[in-house]
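Please look over the protein below.

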Amino acid sequence: MTDMRIKQTDYARLTALILLGLLALRVTSVILSPLELYADEAQYWRWGETLDWGYYSKPPLIAWVIHASTAIFGDTATAVRLPAASLHTAAAWCLFLLGRRMVGPRTGLLAGLGYALMPAVWLSSAVLSTDGVLMPIWSFALYLLWRVREGEAGWAGFIGLGVAVGAGFLAKYAMLYFAIGIMLTVIFDTPTRRALVSAKGAGALAAALIVIAPHLVWNAANDFATVGHTVDNANLGGDLINPENLLKFLADQMGVFGPISFLGLIAALFFLRASRRPETGRQELWLSAFIVPVLTIILFQSVLSRAHANWAATAYPAASILIAIFFLRAGPNRWLWAVIAVLSAIGFLFAPDFTLAARLMVGLAVAAGIVVFAFAFRFRPEGLFWAGLTLHGVLGLVMLTALVIPGAISGPLDLDNALKRTRGWDPLADQLAAFTQETGTPSALVTDEREVWHGLDFYLKDRIDAPLILWRYNEGAHSFAEQQPLTAEIDSDVLVASYRPNRRPAIAADFETFEKVGAISVDLGTRSNGCPIVRELVLYRASGFNPLPRTSSWVERFEDQRMDAPEPCPQQN
């Protein structure tokens, strides 16, 4: 027993040191990075300026986190992003604790490191997203639920579980998948059912509802804005059944979890069975309840309409533990290595933003690396875990390099287009502020693109004493930026900073006078086809705002019109 405690302490110390080292590296990279906030981060920052129980498109927790961070570290892009790495570090530690308690300290180490080094976590540690806020809560709730199942959680543990589930709901509605997982475990797992179908289980449910209630009240008072946006985001009103999205979904998940890890997860689920030790089989089945429903639901969503790569992210905390168990338990298997090597190489062919030659070269290099690991580990599947971790480490270093010195890597790797949303906002705001100083402050500043609105909202920081308004293409608000009121100032001396040539004729028709007065632009690099990437705002002075009715004839009138459009790049012809 003493030896086991020492061993567990050693694994805990090693895991903590590695996670803290990664945290220091990631925080340093965020501090040194010249990359700017992208539109969603700027939107969350704006929400955090006014604390509330809900916002237009997301629950409130991310805005609260940003509010706290900027209050402590200052109103900067770095302060907005600083919490991200710490949140993922906390999630990884929770998974170490859960893996150690379920199986043993070695499994805990592999689970914690597997999560901390997965490609999506490298990326999500550099930007603040709702997934980043949700993951530590989800992982902690998973750990508490297992403690409850074991019968080692008193009232504090049950109430903590309820609070965690409620807080996860305030981070992202994807916490509903956790509730599905709980229901499944209650159905097929006797210890979980015995623990939750009890007075303490009722207390946990009550705690979750108490935490969620203020947000539900806010939604009811605001026409269920957040819920409505979430439903709209599913995009089920278009063409249904798109089987071509199936391969894209699988390739996306290989990018999120890592190709070797995701293929190992598929193998682990395929070979899911009760092992010689029945409890091990129950553990794997219990974990699958928090993996399979998420992947299945998002898979069907992608085939029905669309699904962003990160929508299935909540499957991967439990998956990190499941593949650690699988890789440590399985015996030598040459076919498993061969299949994963081939499919990993094929998966890189679907990587976005890179040339075909680069994708082929990287895919073949990864396959060759897997073969080297296969012989080094004598085809024991544990070697696949370390091969995947090595690949993730290399990818992570590339991401950190792109974060700290983007100019040195974005051009050679054709990443200018991928990074354009995080570059150029500050100099663009400087140019716009300088223009108004030279020509006079307008009564209102109007733009025609959501991302531009959020970029100017953060980086102008009220340097122009005029309301910033997003021009309405639709009759009602279809984004948070469009919710900003059309104040009386828009009827006077308006400066229109237009990004979209196809919107300009319709904007001009909404004003009595509309005159071009200049343009500002920033160079964002070069596309893989050699064409320059430029963010240009054409400037117009306008007055006499009198919007036309947004009817079907209005749409038809302007749908093919453009104004002051730039010349197409010759390489695109």
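Is the disulfide of Cys 531 and Cys 569 left-handed or right-handed? The torsion about its S-S bond is about -90°, so the disulfide is left-handed.

**Basis.** This is a predicted model, in which local features need pLDDT of at least 70 and side-chain atom pairs count only at pLDDT 80 or more, while totals for chains, interfaces and linings use all residues. Residues are numbered from 1 along each chain as its sequence is written, and side-chain values use heavy atoms, with hydrogens and water left out.

**The disulfide.** A search of the whole structure gives 1 disulfide (a pair of cysteine sulfur atoms within 2.5 Å). Its partners are Cys 531 and Cys 569, with sulfur atoms 2.0 Å apart. Cys 531 sits in the loop between β4 (511–526) and β5, and Cys 569 in the segment after α27 (552–558), so the pair ties together parts 38 residues apart in sequence. Helices (H or I, at least four residues) and strands (E, at least two) are DSSP runs, numbered from the N terminus.

Buried means under 20% relative accessible area, exposed over 50%, and partly exposed in between (1.4 Å probe, protein chains only).

| Residue | Relative accessible area | Class |
|---|---|---|
| Cys 531 | 1% | buried |
| Cys 569 | 12% | buried |
| Cys 94 | 11% | buried |

**Pocket and cavity.** Both are found on a 1 Å grid over the protein atoms alone. A cavity is a set of points where a 1.4 Å probe fits but cannot get out; a pocket is an open set with protein on both sides within 12 Å along at least five of seven lines. Lining residues have an atom within 4 Å of a point. Grid points are joined across faces, edges and corners, and a volume is the space filled by probe spheres set on the points.

The second largest pocket has a volume of about 750 Å³. It is lined by 25 residues, and the closest to its centre are Tyr 499, Arg 527, Pro 532, Val 534 and Pro 566. α25 (450–460) and β5 (532–545) each supply at least two lining residues. β5 gives the most, with 5. The lining holds 12 nonpolar, 2 polar and 11 charged residues. Here Ala, Val, Leu, Ile, Met, Phe, Trp, Tyr, Cys and Pro count as nonpolar, Asp, Glu, Lys and Arg as charged, and the others, Gly among them, as polar.

There is 1 cavity of 30 Å³ or more. The largest cavity holds about 40 Å³ of space. Its lining includes Gly 114, Ser 261, Ile 323 and His 392. Helix α21 (residues 382–404) gives the largest share, 5 residues. By class, the lining has 4 nonpolar, 4 polar and no charged residues.

**Cores.** A nonpolar core is a set of buried Ala, Val, Leu, Ile, Met, Phe, Trp, Tyr and Cys residues joined through side-chain atoms within 4.5 Å. The largest has 149 residues; Phe 178, Leu 265, Phe 290, Tyr 316 and Leu 432 have the most contacts inside it. Helix α8 (residues 130–150) supplies the largest share of this core, 12 residues. Apart from this core lies another, of 16 residues, including Val 446, Ile 490, Val 496 and Val 538.

**Val 517.** This residue is in strand β4. Val 517 is partly exposed, at 32% relative accessible area. Leaving out residues up to four places away in sequence, its contacts (heavy atoms within 4.5 Å) are Phe 435, Leu 495, Leu 539, Tyr 540 and Arg 541.
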